Amino acid sequence: MIGSGKSSAARVLDDWYVACTSAQLDACGDKPFATQIYGVPFIVFRTPEGVGALLDRCPHRNVPLSEGRIDGSWIRCAYHGWAFDRVGECREIPTLCAEPGGKARTVQHFATREQDGVVWVYATPDVEPVRDPYVFRFAREPGFHSGSAETFEVEGTIHAVGENSLDVPHTAFLHAGLFRKASAKSGGNPIEVVVRRWHDRAEAEYIGEPRPSGIVGRLLAPQGGVVTHFDRFVLPSITEVEYRLGEASQICTVSAMTPLTDTRTRLTAMISFRLPIPAALVKLVLGPLARAIFRQDARVLEQQASAIARFGGESFASTDVDALGPQILRLLRNAERGDRRELESAHEHRFTMRV
């Protein structure tokens, strides 16, 4: 179908997204960190009182505040020196003898929360958040080792990037050797898959899955065996990939996706694990491996986005093994409409696939 005009882009504004890592913010020195959510530019800056986030526009003459500098507890515009606090109140106009405050002189501000090495920003300005930001799974659990959060940018909607992160069938082809290997048409091991969807999340549980081939599988289960595997999507933009073998071996990769625009996404990823292998050795292997897998995913997502643009919209054909893609899109569409009514029980669907 050509020129369908369809898009999986969905704008969920009443929730939290990662603006940057704490390390990225600290590296800015006395300059703010400039970024955007759904194309809306804003700045993040640290003061002695905490982290603030403001729309990237001085109300005086619309010069970007990202060109200014942090001055104590304020961000100061580079054009006329107007200074604003963390909630956007104008605190000083250097050449004005009267009081600087006033509604027209206020900058819209975004609620912020710094935790687990990242800075979260609530996407709707000038409101009190209705929920708390996500807590990275296992990052605070005793016995787990967690790497520093890393960021990557890719082409694609939250739906496309989230589905890619949680899609099992492509791993044997796109990531062959690193994670699983391609099997013949009738080959592979049949396993049961249970897909569950609640009002705010969806998960796929893979039952009876043998240890994945490739480097990741050998780290998790050097002697082989059957693993416990969950893939999850949590509103508004979190993916979790969790593998377990008993109580001693566990790896969980979390990606927090930030919609820079409707069709470009930043991932902030963190890997947490506990394994019967020295943590330093695991980090030496997992870091480069995760980056190699990401580069392959980024390339195919760019190809997908380019084809969608070229044909004037999306035209997808799905099967049962596209386990979480349709669930992600349904959750996003509901949340975009403001519908997060709790379900009495999870919607559940079972099928068999080969891996």
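This report covers the pockets and the aromatic contacts of the structure above.

The model is predicted: local features need pLDDT of at least 70, side-chain atom pairs count only at pLDDT 80 or more, and totals for chains, interfaces and linings use all residues. Residues are numbered from 1 along each chain as its sequence is written, and side-chain values use heavy atoms, without hydrogens and water.

**Pockets**

Rolling a probe the size of a water molecule over the atoms shows where empty space is left. Here a pocket is an open set of points on a 1 Å grid over the protein atoms alone, where a 1.4 Å probe fits, with protein on both sides within 12 Å along at least five of seven lines; lining residues have an atom within 4 Å of a point. A volume is the space filled by probe spheres set on the points, which are joined across faces, edges and corners.

The largest pocket holds about 910 Å³ of space. Its lining counts 40 residues, and Thr253, Ser255, Ile271, Ala290 and Ile293 are the closest to its centre. Helix 5 gives the most to this lining, with 10 residues. Other elements that each supply at least two residues include strand 17 (249–259) and strand 18 (264–274). Helices (H or I, at least four residues) and strands (E, at least two) are DSSP runs, numbered from the N terminus.

The second largest pocket holds about 470 Å³. Of its 19 lining residues, Glu163, Asp167, Gln304, Phe316 and Asp322 are the closest to the centre. Helix 2 gives the most here, with four residues. Helix 5 and helix 6 (325–336) are also among the elements that supply at least two each.

**Aromatic contacts**

The structure holds eight aromatic pairs. Rings of Phe, Tyr and Trp (its six-membered ring) pair if their centres lie within 6.5 Å; planes under 30 degrees apart count as stacked, over 60 as edge-to-face and the rest as tilted. Tyr17 and Tyr38 pair edge-to-face, at 6.1 Å centre to centre and 85° between the planes. Phe138 and Phe144 are stacked, at 4.6 Å and 10°. Trp120, Tyr134 and Phe136 form one aromatic cluster.
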